[in-house]
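Please read them beside the sequence and the coordinates.

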Amino acid sequence: MAEVRLKGVTKEFGKVVAVKDFNLDVPDGEFVILVGPSGCGKTTTLRSIAGLEEVTAGEIYIGDRMVNDVPPKNRDIAMVFQNYALYPHMDVYRNMSFGLRLRKVPKLEINKIVKRTADLLGIGELLDRKPKELSGGQRQRVALGRAIVRDPHVFLFDEPLSNLDAKLRIAMRAELLDLHQRLKTTTIYVTHDQLEAMTMGDRIVVMNEGIIQQVATPQEIYDHPINRYVAGFIGSPSMNFLPCTIVKDNSNIYASAKGFRLRIPSDQAKMVKDYINKEAVLGVRPEHIDAKSTTVKDYDPGSVFEASVWVVEPVGSEKLVHIKCDQYTLVARLDPHVDLKSGQTAEFVAKMDLAHVFDKETERTVL
Ligand code: ATP
């Protein structure tokens with residue numbers, strides 16, 4: 001096992017800057033997720049760690065060793081890809097043992113390691129099958145097994161679950177976590193799926209356009225996104241953003257626009273004092289909006305707003321209600337039993353103590 005450190009890593013492909021000044025310390029044994037939209041540089045970062053890309057600038061360390069000039073096979077990493085990359089003509093046993101055979105590990109030893117790993121992954125009965133005779137989930141387990149038998153210092157995963165159906169993905173997510181708890185191998189995992197990032201990572205690295213936006217635990221990122229981009233990327237459905245003006249009325253401070261005037265709780269008001277009479281953006285997560293009819297008694301009357309119900313999506317465990325407030329459409333995640341119908345006007349309550357305010361120009365979080 002080993003820590004991984006990236007210092008000022010930049011990777012350019014001609015004029016395209018795929019990764020820019022990337023700095024990250026991954027302590028030994030941590031499970032870190034790189035998450036961001038397509039093209040933000042996740043795979044390039046991972047491939048650079050693996051040695052499959054030569055970086056344009058910066059240093060990469062695995063353990064104490066700077067590996068910039070170390071070829072991939074000597075970096076002591078194992079990579080698992082989205083497309084599994086299994087050898088089609090080899091059975092599961094030979095696929096899993098391939099790396100060990102190359103390293104001339106004695107046959108008996110190989111046999112022991114492959115059997116133990118296959119049992120760990122629940123594919124002990126499949127060792128003589130070819131990849132085409134396996135389901136997607138089983139193939140992914142073989143790919144994992146091939147990585148595990150090498151007992152690497154670091155696992156690198158590139159969207160390993162994206163080819164699986166939704167149900168299997170959830171099951172495999174749990175299995176991977178369980179595996180990590182047992183093996184405790186340093187893991188860097190790339191995904192574009194924010195839910196996968198939230199559920200699997202000790203820490204999440206949110207990227208956009210080759211640049212790290214925020215590195216923190218899933219809860220920190222959800223509670224305290226550093227900017228509007230991160231706030232919108234993490235959480236599902238996404239946070240609602242409402243352009244507004246911050247106004248002061250007597251001793252109260254409000255986020256105000258045509259259609260709503262929502263009071264910012266007094267203990268948080270000082271954080272937006274520089275924005276009084278200036279434009280800003282209010283951010284409220286769908287789960288922080290309630291229908292007033294179902295709200296518990298003690299809400300702040302200053303956090304109520306009126307909106308018309310546009311579309312109601314019952315999901316069973318909750319109702320996603322799309323509401324229109326003046327020119328803006330918001331999503332509210334409501335109790336499944338709330339009685340709201342398309343076309344009606346109703347009152348809603350925003351949990352303003354959990355809301356955010358963003359600078360309109362820089363998009364940095366103000367509150
Ligand atoms: P995805 O989720 O779609 O795989 P990603 O976040 O992993 O995206 P990268 O594959 O790292 O993104 O790509 C980052 C940027 O670098 C993109 O603009 C991409 O087009 C560019 N890029 C990646 N590889 C190359 C290459 N070999 N040659 C030129 N440009 C490249």
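1. Which backbone atom lies 2.7 Å from an oxygen atom of the ligand? A backbone N or O atom of Gly39 does. A backbone N or O atom of Cys40 lies 3.0 Å from a ligand oxygen, and a polar side-chain atom of Ser38 lies 2.6 Å from one. The protein covers 57% of the 630 Å² of accessible area (Shrake-Rupley method, 1.4 Å probe) that the ligand has on its own.

2. This is a predicted model, in which local features need pLDDT of at least 70 and side-chain atom pairs pLDDT 80 or more, while totals for chains, interfaces and linings use all residues. Residues are numbered from 1 along each chain as its sequence is written, and side-chain values use heavy atoms, without hydrogens or water.

3. The residues around the ligand (a heavy atom within 4 Å) include Phe13, Val16, Ala18, Pro37, Lys42, Thr43, Thr44 and Glu159. At least two residues of this shell come from β2 (16-26), and at least two from α1 (42-50). The largest share, three residues, belongs to α1.

4. The protein has nine helices and 20 strands, taken as DSSP runs (H or I, at least four residues; E, at least two) and numbered from the N terminus. Its C-alpha atoms fill a box of roughly 80 × 45 × 35 Å along the principal axes.

5. Of the 367 residues, 50% count as buried, meaning under 20% relative accessible area with a 1.4 Å probe, protein chains only. The accessible surface of the protein is about 17,900 Å², and carbon and sulfur atoms hold 50% of that.

Definitions and conventions. A polar contact is a pair of N or O atoms within 3.5 Å; within protein, one must be able to donate a hydrogen and the other to accept it, and residues adjacent in sequence count only if both atoms are side-chain atoms.
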